[in-house]
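Dear colleague,

Please find below the sequence and the structure that I am handing over to you. My account of what was found follows directly after it.

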2 protein chains.
Amino acid sequence: MKTRCWVNGNEQEFISAQDRGLQYGDGVFETMAVIDGEVRRLAQHLDRLERGCAGLGIHCPPRDTLFNECAWSAARANASVLNRAVLKLIVTRGVGERGYRVREGALPRRVVSLHPWPHHPPSWSEEGVVVRWCSLNLSAQPLLAGIKHLNRLENVLARREWSDADIAEGLLCDTHGQVIGGTASNLFLIVGDELVTPRLVRCGVAGTMRSAVLDLAHERRLTADLGLHVSERDVLRAELETAREVFLTNALIGIWPVRQVGERTLTVGSVTRRLQGLLFAT
Amino acid sequence: MKTRCWVNGNEQEFISAQDRGLQYGDGVFETMAVIDGEVRRLAQHLDRLERGCAGLGIHCPPRDTLFNECAWSAARANASVLNRAVLKLIVTRGVGERGYRVREGALPRRVVSLHPWPHHPPSWSEEGVVVRWCSLNLSAQPLLAGIKHLNRLENVLARREWSDADIAEGLLCDTHGQVIGGTASNLFLIVGDELVTPRLVRCGVAGTMRSAVLDLAHERRLTADLGLHVSERDVLRAELETAREVFLTNALIGIWPVRQVGERTLTVGSVTRRLQGLLFAT
């Protein structure tokens, strides 16, 4: 399928070169799964987008507008792989005068685009993935932590560290040596009787699939069933060496079990399998 | 004057919404002074742009192309304020597929734009400026330090901390409590017998005017004349309380003496005046 793009509701390939999204990365985005013409977890994506806009002081466009534009565009997906496509929504602060200062009256801009579903081997969901450690350390900026903003050079540089197509993802620590997650995914571990994911108060993106897993673990009393409790806390790199299970999440992949981290190999565990099944059903 | 814009040499207002400059802030830029139709310190700006591209792994467009496009556009400046205008050059990694991964063959994109000269009170150069401390702390990312890249949300957020038009600039520390500079300028201090500017190994942008001042201080033996030596080193916030002179630099303002930092007032000193005169003459 060919990429299609709508700017403020009009189908067009271009945006103003004076948009602050280009000039300064001054905006936020969402990457969403479209299955059979419908956006998965659209409400949750818009919730996060609104929180991101609030964090940056961008007047988020009306939720109805965003919801309708995303749903309408997704319905146009001429999806080629398993009836799946990717919908990306960007909201920028809009066109402004040159300079960092934000003038009153800038009109935020909406960019909705449809993209082909990525070609990942099906075995990655079933048998798990191989991941590596990135040498880049994520910088700590509490004011931007958790937000899926357009300043993504750290992710780009980290993703440039490897080209081996058999390595699915790279794991990142922050400058304090705490594990944060993958370049484009969140990380979960089963350590002892804990289902753990790194807390994202200094850096990282709080993914919608991360939230979905946390919600499931709480709501479904999965943790009680399995004798686990759920934690968002600092995670040391050494814990990847002892974790019983490790998996990655994002809106497109759902859950990928990790079968190898650096030199260590793991088997796909029962909690990971159970969460995959529950997520698939929701 | 109206903003004019050229993309890859063609006069147009728009760029592809799929450009990685918008998608990820994946690019670098320069902001240059145009005086009487000529770009000031164009060679130095292109030097820094090339270093930034190298740091990000972007294939920088040929220097001749960049040089000629900037010079040609600057000559088109219908400058209204003192025959001055601002030329901005952006180089992005170009259009790519969705996702952080950089594919081979992406063609970097050049965006050259002409803007009106900012309306700063002339007294700011002569009598000095009032600056404040920002509460935002710059994050530490050695891989991006010094580079004028398109991930500028920290600068945008810091600039949103104040709206008082009498405050010319905000000063920023990093998360280690070291002073880095202004939101859009570099900082110099005279402390004892040192001409000091913060070293920029963890964050900050290494400005072309900062380099010009450092070059002048070395070449012209200004420091020997005045019994000063030049240092790029860590600067503690407390040193702003004891510095004899403080000034700010960037490509548009040249040198602004600082006459007030927070509660402390300063007088414009002889080193600042001398450097202003020497810069004006170069």
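In chain B of this predicted model, helix 2 lies across strand 4, strand 5 and strand 6, and its direction is at about 175° to that of strand 4 of chain B. Helix 3 of chain B, residues 63-74, also packs on the sheet. Helix 3 touches strand 1 (4-7), strand 4, strand 5, strand 6 and strand 7 of chain B, and makes an angle of about 25° with strand 7 of chain B.

In chain B, six strands form an open sheet in the order 2-1-7-6-4-5, with antiparallel pairing. Its edge strands are strand 2 (10-11) and strand 5 (38-39) of chain B, each of which pairs on one side only. Within the sheet, strand 6 and strand 7 of chain B run antiparallel and are joined by eight bridges; Val86(B) stands opposite His115(B) of strand 7 there.

Chain A also has an open sheet of six strands, with the order 2-1-7-6-4-5 and antiparallel pairing. Why is one side of strand 2 and of strand 5 of chain A left without a neighbour in the sheet? Strand 2 (10-11) and strand 5 (38-39) of chain A stand at the edges and have a single partner strand each, so one side of each lacks a neighbour. For strand 2 of chain A, there is antiparallel pairing with strand 1 (residues 4-7) over two bridges, and Val7(A) has Asn10(A) as its bridge partner. Helix 2 of chain A (residues 42-56) lies across strand 4 (27-35), strand 5 and strand 6 (84-92) of chain A, at about 175° to strand 4 of chain A.

I turn now to the interface. Chain A and chain B each contribute 56 residues to the contact. Together they bury about 4,600 Å², of which 64% is on carbon and sulfur atoms. Arg98(B), Tyr100(B) and Leu153(B) supply 18% of the area that chain B buries against chain A, more than any other three residues.

Finally, strand 3 (residues 14-16) of chain A pairs with strand 3 of chain B in the antiparallel sense over three bridges. There, Ile15(A) has Ile15(B) as its bridge partner.

Yours sincerely

Terms used:
Residues numbered from 1 in each chain as written. Chains lettered and ligands numbered in written order. Predicted model: local features only at pLDDT ≥ 70, side-chain atom pairs only at ≥ 80, totals over all residues. Heavy atoms only, no water. Pairing = 2+ DSSP bridges. Helix = DSSP H or I, 4+ residues; strand = E, 2+ residues; numbered from the N terminus. Contact = heavy atoms within 4.5 Å. Axes fitted to C-alpha atoms, helices over the stretch in contact; angles between N-to-C directions. Buried area = accessible area lost by both parts, 1.4 Å probe.
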